[in-house]
Amino acid sequence: MKTSVENTNVANAVSEQLNQLLADYQIYYQNLRTLHWYAQGRTFFALHGKFEEYYNEASEVVDELAERILMLGGKPTHSFAQYLQASRLKETEAISDGTTAVNVVLANSEQLLNAVKETFNVAGDAGDEGTLALLSGLIGSTEKRIWMLKSFLQ
Ligand SMILES: [Fe+2]
């Protein structure tokens, strides 16, 4: 008997969602690069370093998502043209002001949290425990980041 992950239709539904998430994370990654480069002012050292930490984490997530899609028998999207088309996140402007930049990262993180939860529900319906494990870790770390970004803005 096939497990649910080996069931093609179910795996397709999950990898389709994961591909959307991959696109979101690629835009998020590039937004963090932009904000890392353009940071200026009193919060430069704090934010230049923090955004680097965040984009390194995002880079790991991108890889995990793409490889999970492959494990499910799907094909991860690979071009920025595809990412721009599929992403629910928008590309950021080149922002130098710290508060404005943190607001962008906060808004992106809240969008990602919703997107991850949406994918979590699809994986749950599919009984795809491997994807659920990956995503639940992501929910926890994203919630923590949201709390920290809000604390910065206080
Ligand atoms: Fe750098």
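Visitor: Which residue just after helix 2 takes a positive phi?

Guide: Glycine 73, with a phi of about 90 degrees. The model is predicted, so local features need pLDDT of at least 70, side-chain atom pairs count only at pLDDT 80 or more, and totals for chains, interfaces and linings use all residues. Residues are numbered from 1 along each chain as its sequence is written. Helices are DSSP runs (H or I, at least four residues), numbered from the N terminus.

Visitor: How do you know that the span of helix 2 agrees with its 28 residues?

Guide: The expected span is 1.5 Å times one less than the number of residues. For helix 2 that should be 40 Å, and its end C-alpha atoms are 40 Å apart, which agrees.

Visitor: Why is helix 1 called roughly antiparallel to helix 4?

Guide: The two pack at an angle of about 170 degrees, with axes 10 Å apart. Axes are lines fitted to C-alpha atoms over the stretch in contact, and angles run from 0 to 180 degrees between N-to-C directions. Angles over 145 degrees count as roughly antiparallel, so helix 1 is roughly antiparallel to helix 4.

Visitor: What makes Leu47 and Phe51 of helix 2 buried?

Guide: A residue is buried if 20 or more other C-beta atoms, placed from the backbone, lie within 10 Å of its own. Leu47 and Phe51 are among the buried residues of helix 2, as are Tyr54 and Leu65. What covers them includes helix 1, helix 4 and helix 5.

Visitor: What does leucine 22 touch?

Guide: Not counting residues up to four places away in sequence, leucine 22 touches Val62, Leu65, Ala66, Pro76 and Thr77; contact requires C-beta atoms, placed from the backbone, within 7 Å.

Key
Two residues are in contact if their C-beta atoms, placed from the backbone, lie within 7 Å. Angles under 35 degrees count as roughly parallel, over 145 as roughly antiparallel, 65 to 115 as roughly perpendicular and the rest as oblique. A residue is buried if 20 or more other C-beta atoms lie within 10 Å of its own, exposed if 12 or fewer, and partly exposed in between; C-beta atoms are placed from the backbone.
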